[in-house]
Structures are given as structure tokens and as C-alpha cells.
Amino acid sequence: MCRALAPAARLGYDRGGGSGTPEMELTQDQRREIEDLRAQTRPTRRATVAALEEILYRPIPVLDHGFVRVIDYMGDDAAIVQAARVSYGKGTKQVSTDRGLINYLMRHRHTSPFEMCEIKFHVKLPIFVARQWIRHRTANVNEYSARYSILDREFYVPDEEFLRLQKEFGRRARQAAQQLDLLGGEDSEQPAPVATAAQSRTNKQGREEVLPPEEAARVLRDIRKISQHAFTVYDRLLGEEARPGIARELARIVLPLNTYTQWYWKIDLHNLLHFLELRADPHAQFEIRAYAEVILDIVRRWVPLTAAAFEEYRMRGACLSRTALAVVRRMLRGEQVTRETSGLSAGEWRELQALLFEEP
Ligand SMILES: Cc1cc2nc3c(=O)[nH]c(=O)nc-3n(C[C@H](O)[C@H](O)[C@H](O)COP(=O)(O)OP(=O)(O)OC[C@H]3O[C@@H](n4cnc5c(N)ncnc54)[C@H](O)[C@@H]3O)c2cc1C
């Protein structure tokens, strides 16, 4: 099974008490640091979450060289409930269980109690993914500096295995491409669930159908070749110890967007859920979605009641416009509603049909 699409299975790797550290390209120093950190435990009166402690510091692989690991966290489901009870006081007595209260908060977009929880990740990701990720302004970020340090020869190459997923994802990619076409083919982080796929015929940014195997192999060969060459030039520009070349901050400009970078990323739970709503969604580009799905699994471990409410009301729920709601009411009364009589645009009509009649 494809690694990037099976975070649940991947997260399960250490449940049986195995060594837990997956085979991936970590430096000796990083491995030692993780082992040292995991060997230490400290007594605390603070709330901790056993399921998250289990994976603390451990890298969870994403894509071909990337990972996500939890470095620290604050709060749990109970912290959200506690904060909400402060604001509601006696009013919360009506909501008897923690689950009921969290569901209520999520349903009514009472968001500030979720800001009481924070989490800090160490993420290794390709630069083109980082560019999309960094648009989320409500996090604190500290990135690896290629001005001061030399970048490892690590670049992302899509996995040929993804090609086989065409059947599962092709339909969604085509729909999204059509939607964008209706918007005038606007420049976008186009949904592209299939990693190496043919250029969309309807949108110049999109990937629509998978390539035949021999063509896919050639594409992957080209990506590897050009990336290797860029790193060779980078090394040459840096020079050697005996004969140093140009500054690191300048040498790096020849590196491609699939080069891996790393950062620490800290965010509160409310804003993390917003990030996940946008980036664990089929409209998000496949590569950032692979990270978002791993993080969603981490959130399920950390705050299970909140994660369940989020999936129920936001991720897998839907928000209807006034006109769309009127259409649903008319349909429920047995009326035959067509696109022409609905008052919806073609795009809105298609979205409503998909929402009501297609299996997610
Ligand atoms: C599928 C997809 C396609 C995209 N395509 C493009 C594209 O083609 N081009 C492009 O440039 N971007 C694109 N984006 C990025 C997108 O426009 C947002 O910049 C990005 O998703 C961050 O969203 P956000 O601002 O809601 O999140 P955050 O920055 O995390 O902010 C969270 C929330 O905080 C509030 N907030 C934060 N900062 C401010 C502020 N300064 N002022 C007011 N409110 C604030 C807002 O309510 C915001 O929703 C795309 C994103 C997605 C998911």
C-alpha cells in the first residue's frame, strides 16, 4: 500500500511496542537525539495524552524522504472542556458529557476553547509543499537555513506506485479540473491526487489522467536527472574545504523546488483544524495532503473527541447556501428540481449533486 495514503496503518507500526523508528534517511545525530529524548521521562502534573506520548519525537514517514514528528504539545480534550465551562458557567450543565460539549462547540463554531491546545511539529518536506504550507499564517515557524547550512542531496520524486491509483482518484481530479475551468482556468494549487499524471486538457495547471507506464518512467527519469544535476552544480558552486566556492546563500539558488527543507511548526488546535480542513481535502494537492493526513491521524490520537467532532461537523459535513438549502427542501417535498429551475450556477448545481448523490 502506498505510504503517503495510509497514515493510519503507518501510525499503527509502533502500537505493538516495536522499535518504532521507521527506515528513513535520518542522520546519525538525529537518530541519537530521538533515542536520547525518548529515554528521558519526567514526572509532571500537567495533562498528558498516552497515545501521543507513544509517538512523541518519532518521525512518521511522508512521501519519499519526508516526515512529521511531534516535538511537544499542550492540553487535551479535557482542557477544551475546562475552558468552555469557564465561559458558559452553569450553562454547561445542560451539556452533560465532554463529548456532547465538544460536539456543541464544533457545531456552533465556538472556536476559542480549541485555541487552548497547542502542538509543535518537526516537518521535513519538499520546498514546493512548504510554499503552500507557509500560506497558513497563524502558526509559528522556524526553518532550516540554507544560508548557513548545506542542504542534503534529497529531492522528492513521485512514486510510480501512485500511478495505479488512477481509478480511485481520477474522477475527483477531473471534477475539480472542470470546476476550475468554469472559473476561467484560474491559476491555482490545482487538485492533483495522482502524483504523476498527464496534463489536464481542461486546465493548464492540472493533472487529469495517468500516463502510460513507459511515459511515466521517462518523466520520473527526467525529474531524477535534472534534480541530480542541480545538486551536482550546487556542490560545485560550494567548492571544497581547500578551495571554497561561493556563499551557501547564493549556491542554493540553483536547487529545484523538490529539494527537501525542514522546519519546526507550532500551532494551536483551532488553526490546525482550519489547516486540515483545507489541506486534508481532495482539492488540496496530493503531496501536501499526504502530510495533512498524517497530522490528522496525530490529532485523532491527541484529542480523540475533538477529532471526531471535527470530522463529523466540518471535514465530512457540509455547509449549504440559502439557495441550495431551498433546492433540498423542494426535493424533499417531492418536487422535480432541475438546474434551470434551481437558481444555482452550473458549478453550484454540480457540487450539490455530488454532495447529495455521490458516495464520498
Ligand atoms: C485548494 C487550494 C488552492 C489554492 N490556490 C491558491 C492560488 O492559486 N494562489 C494563492 O495565492 N493561494 C492559493 N491558495 C492559498 C489560499 O488562498 C490561502 O492563502 C491559504 O489556504 C491559507 O488560508 P487562510 O488564509 O484561511 O489560513 P491562515 O493563514 O491559516 O489563516 C487562518 C484564518 O485566520 C484569519 N487570518 C489570518 N491572517 C489574516 C489576515 N492578515 N487578515 C485577515 N484574516 C486573517 C482568516 O480568517 C483565516 O482564514 C490555495 C489554497 C487551497 C487550499
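Colleague: Where is R109 found?
Modeller: Happy to start there. Helices (H or I, at least four residues) and strands (E, at least two) are DSSP runs, numbered from the N terminus. In those terms, R109 sits in the loop between α5 and β3 (118-126).

Colleague: What kind of model is this, and from which number does the numbering start?
Modeller: This is a predicted model, where local features need pLDDT of at least 70, side-chain atom pairs count only at pLDDT 80 or more, and totals for chains, interfaces and linings use all residues. Along each chain, as its sequence is written, residues are numbered from 1.

Colleague: Is R109 buried or exposed?
Modeller: A residue is buried if 20 or more other C-beta atoms (placed from the backbone) lie within 10 Å of its own, exposed if 12 or fewer, and partly exposed in between. R109 has a positive phi of about 55° although it is not a glycine. It has 8 C-beta neighbours inside 10 Å, so R109 counts as exposed.

Colleague: Y57 is in a loop too; what is its phi?
Modeller: The loop in question runs between α3 (50-53) and β1 (60-62). With 18 other C-beta atoms within 10 Å, Y57 is partly exposed. Although Y57 is not a glycine, its phi is positive, at about 75°.

Colleague: How far apart in space are H136 and F275?
Modeller: H136 lies in the loop between α6 (127-133) and β4 (140-143). It counts as partly exposed because it has 16 C-beta neighbours inside 10 Å. H136 and F275 are 139 residues apart in sequence, yet their C-alpha to C-alpha distance is 7.0 Å.

Colleague: How many residues of α11 are buried?
Modeller: α11 reaches 24 Å from first C-alpha to last, close to the 24 Å expected at 1.5 Å a residue, where the expected span is 1.5 Å times one less than the number of residues. It is mostly covered, and of its 17 residues the buried ones number 15.

Colleague: Which residues of α11 meet α10?
Modeller: The axes of α10 (residues 269-279) and α11 come within 9 Å and cross at roughly 135°; axes are lines fitted to C-alpha atoms, for helices over the stretch in contact, and angles run from 0 to 180 degrees between N-to-C directions. Contact means C-beta atoms, placed from the backbone, within 7 Å. On that basis L272, L276 and R279 in α10 meet I288, R289, A292, I295, L296 and V299.

Colleague: And how are α5 and α12 set to each other?
Modeller: Angles under 35 degrees count as roughly parallel, over 145 as roughly antiparallel, 65 to 115 as roughly perpendicular and the rest as oblique. The axes of α5 (residues 98-107) and α12 (residues 304-315) come within 9 Å and cross at roughly 40°. That angle makes α5, relative to α12, oblique.

Note on methods: Two residues are in contact if their C-beta atoms, placed from the backbone, lie within 7 Å.
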